[in-house]
Amino acid sequence: MQQFRRLCSSSASAAIFTPQSKLREWIRRFEQASVFEPQTSAQLIISHVFGKKMISQLSHEETLMKISAEENARIDKLCSKRLSHIPIQYIIGEWDFRNCSLKMKPPIFIPRPETESLVDLVNLELERSQKLNFRLLEVGCGSGAISLSILREHVEKQEKSTSKPSNQLLEVIAIDVNEEAVNLTKLNSSILHLSNQLTVLNSSVEKFESTRKFDAIVSNPPYIPSTEMNALQKEIINHESSLAFDGGKDGFDVIRQIISFADRSLVKDGWMWMEVDDSHPATIANILPHRYQLDQVERDLFDVERFVKLVKIR
């Protein structure tokens, strides 16, 4: 926050605003406008204006300090965008995913908390692997959240490990059909100093070709059945790219393409971890070629069956 100014006992003709008063004002206005998560929205925007991640990072004294006209105007400008149901991530231009602070730009898919569990599942597979050179493909990288989290945590584990040092070389290639997503992933990889460890390419999985096979594939593909797209929140329908959500008639369109690609480009005993619609775990075995098996199903943080592991058995 710019230098805080104490509230004086002397009255002034102009209204005096504080972070606390602005927080109350905008929570009320968001509630009246039926904005999703009104309190969290107001807290994140006001924190952002003062250079903080969370409102709790402001001391009690700071929340009672008079703010400048410029700060007041900026709060009102950003909060007015939220009144239009623009996602908070696009308004503040950044979002944290696991241990990565990522830049966000519309209309690129905003990573959700439940997808953090997908990273945990991949990390566990990497820990179990005996391969010294491991080649991983991410299909549909969006902002780069999954690939960058996997890479960063892999590097951190190697640096911290003393009892069992790992010499595993992890090569990650990320693709996305949306060029804007590719550019955003490249930006985030540069900010996180991971550009040399991540290759990002503009391609659909259907058209992607690789001269070398992959050991594994990870993806949070579009999996919402087309008939259910209109039931999504206003923030999603009006602002995020439908490319990241619409999975076709049964939600399997891109998933089928991933399986087809894996058929020719995944090594024997290679695996795929994917986030899927909650209706898919019970039916995905029906679309698998005979060379694949559904090996594992895991639940997300809301206790919904959300992640499937497919293994190429022959």
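This is a predicted model: local features need pLDDT of at least 70, side-chain atom pairs count only at pLDDT 80 or more; totals for chains, interfaces and linings use all residues.

Me: Where do W26 and F30 sit in helix 1?

Reply: Helix 1 covers residues 19–32, and W26 and F30 are 4 residues apart in it, so about one helical turn separates them.

Me: Buried or exposed, those two, W26 and F30?

Reply: W26 and F30 are both buried.

Me: Next, F134 and W271. Why is that pair called tilted?

Reply: The planes of F134 and W271 are at 35°, with ring centres 6.1 Å apart. Stacked needs under 30 degrees and edge-to-face over 60, so the rest count as tilted.

Me: And which strands do F134 and W271 come from?

Reply: F134 is in strand 3 (residues 133–139), and W271 is in strand 7 (residues 266–275). The pair therefore ties together parts 137 residues apart in sequence.

Me: What is the relative accessibility of F134? And of W271?

Reply: F134 has 4%, so it counts as buried. W271 has 7% and counts as buried too.

Me: Which residues form an aromatic cluster?

Reply: F208, F214 and F261 form one.

Me: Switching to charges. What sits over the ring of F214?

Reply: The charged end of R135, 4.3 Å from the ring centre.

Me: And which residue lies over the face of F17?

Reply: K22 does, at 4.7 Å from the centre of the F17 ring.

Note on methods
Residues are numbered from 1 along each chain as its sequence is written. Side-chain values use heavy atoms; hydrogens and water are left out. Helices (H or I, at least four residues) and strands (E, at least two) are DSSP runs, numbered from the N terminus. Buried means under 20% relative accessible area, exposed over 50%, partly exposed in between (1.4 Å probe, protein chains only). Rings of Phe, Tyr and Trp (its six-membered ring) pair if their centres lie within 6.5 Å; planes under 30 degrees apart count as stacked, over 60 as edge-to-face and the rest as tilted. A charge sits over a ring if NZ of Lys or CZ of Arg is within 6 Å of the ring centre and within 35 degrees of the ring normal.
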